[in-house]
Amino acid sequence: MPLNIDFLQILLHMLNFVLLAGGLTFLLYKPVNRFLEQRREQFAGEEKRNRESAEENEKLRTEYEQRLRRADEEIAERKKAAEKEWADLSAQYIREAQEKAAAILLAAEQEAEERKEHILESAQTEIGELVVCATQKLLSDTVTPERNSALYDEFIRLAEDTITAERSKHDKK
Amino acid sequence: MERNAMNKKRRNKKLIFLAIWLAVLAGIVVGILLLWPPGSRHENIREVMRDGVLHEQNKMDLFGLEVNPGLISAYMVTAILLTAAALIRIFTIPGFQTVPGKFQCMIEKLVEFFSDMANSNSHHRPRLVGAYIFSAGVYLFFGTLFELFGIQWPTASGVSMSLPAPVSDINAAIALGVLSYALILGAGIICGGFRGALGVLKDFSLPISMSFRLFGALISGLLVTELVYYYVSLSFVLPVIVGVLFTLLHAIVQTYVLTTLVSIFYGEAVEPKPRKRKNKKAKR
């Protein structure tokens, strides 16, 4: 054959290569490829899990944020309600205190009025007695204009002293 | 300061003297070698190069059969590769880690390279062609590098000679070309039936072109190497560049070319072809 081509040797080369191809495929190519495939799948699985985990985390974060927002709103509402309740209560207390104070004042005024009247009544009785006494005295003594004037002065002074004494008693009480 | 400058000058002078002395010595040696008669050779350059291409004279014995040295190299390369593969399969692959070490990384990269090439060039049934181009690539690459080791083997006439690359034998190149074509044809028939086979058969020149491209590329490198090795005068520095770099470059380029071509033709063969609908209305 030209170029030293030999069909037997071609077949021997083919046999050699087929043997080599089979051996390399089963000893190296397939096991390494299988390993690479497994690792690729492992990485893909991990990536998928990470993605799912990230999505779950994001979901939880959103949920927590919503809860926090709701809690904040609830706290604000409760605070507002408490403030309103406190304001109402304080207003009520003030109103009651004012009413009580007004009642006390009214009672005190009434009592003072009663006492005043009582004092005036007792003063009038005493004045009457003084007048009766003075009249008796006047009638018993000689009545002169000087004496008369002195009696009136005496009467007025006694009346003033009595009133002053009553007032000081009342103030002390 | 002055003493340092003096020392520097002396050192420079010494270096210049040494360089001149070495250059003169090298010139004399080269001259001697150029004039040295190649009388000790038992065959001339023409015979060496003819034998390098055709392997007509230096046959080797394989179980009583006289064969080309390339066949012995092929079986030796196969034995070495299969042993290495078995050792890797037994000792390395079971201990593969998720985060690879250097050796694991190299093995993974090697497999991945051919696997990716198969996947990118043929989108249908890429596993078969992936395994094939992996084997062909490894065989071609290491087979071409094999000649660098210069393993000596006795010829049938009793003379010892270094074993060449397996594909420098035209029979090996034809075998590889025909096998590649058979794979493509087989895949075409499996995937496309009769139409698929026709599609592949129209490229009947493929095995011839593949074989001779491979053989031509390998043999050109071999001839240049033989030429360089033949003359003693060219055996300084040059063989390192020619021998190592040419062989390495050939190994890489031929591996890449053959595997790419096979995967592309395979991809075309297995690609599902859309059926042409007969437009009856238009005919009417």
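Tutor: Two residues are taken to be in contact if their C-beta atoms, placed from the backbone, lie within 7 Å. In this predicted model, and with neighbours within four places in sequence left aside, Ala131(B) is in contact with Thr25(A) and Tyr29(A). Ala131(B) belongs to helix H5 of chain B, which runs over residues 126-146, and Ala131(B) counts as buried because 23 C-beta neighbours lie inside 10 Å, the threshold for that class being 20 or more. Within chain B, Ser115(B) stands 16 residues away from Ala131(B) in sequence, while their C-alpha atoms are 7.7 Å apart in space.

Turning to the contact between the two chains, chain B contributes 36 residues and chain A contributes 26 residues. On the side of chain B that touches chain A, at least two residues each come from helix H3 (69-92), helix H4 (102-121), H5 and helix H6 (170-201), with H3(B) giving the largest share, 10 residues. Sorted by class, that side of chain B holds 25 nonpolar, seven polar and four charged residues.

H4(B) also packs against helix H8 of chain B (residues 238-270), at an angle of about 35° and with the axes 8 Å apart, and the crossing of H4(B) with H8(B) is right-handed. Here H4(B) makes the contact through Phe114(B), Met117(B), Ala118(B) and Asn121(B), and H8(B) through Thr259(B), Thr260(B), Ser263(B), Ile264(B) and Gly267(B). The residues of this contact of H4(B) with H8(B) comprise four nonpolar and five polar, with no charged residue.

Conventions. Residues are numbered from 1 along each chain as its sequence is written. Chains are lettered from A and ligands numbered from 1 in the order in which they are written. This is a predicted model: local features need pLDDT of at least 70, side-chain atom pairs count only at pLDDT 80 or more; totals for chains, interfaces and linings use all residues. Helices (H or I, at least four residues) and strands (E, at least two) are DSSP runs, numbered from the N terminus. A residue is buried if 20 or more other C-beta atoms lie within 10 Å of its own, exposed if 12 or fewer, and partly exposed in between; C-beta atoms are placed from the backbone. Ala, Val, Leu, Ile, Met, Phe, Trp, Tyr, Cys and Pro count as nonpolar, Asp, Glu, Lys and Arg as charged, and the others, Gly among them, as polar. Axes are lines fitted to C-alpha atoms, for helices over the stretch in contact, and angles run from 0 to 180 degrees between N-to-C directions. A crossing is left-handed if the near helix is turned anticlockwise from the far one by less than a right angle, and right-handed if clockwise.
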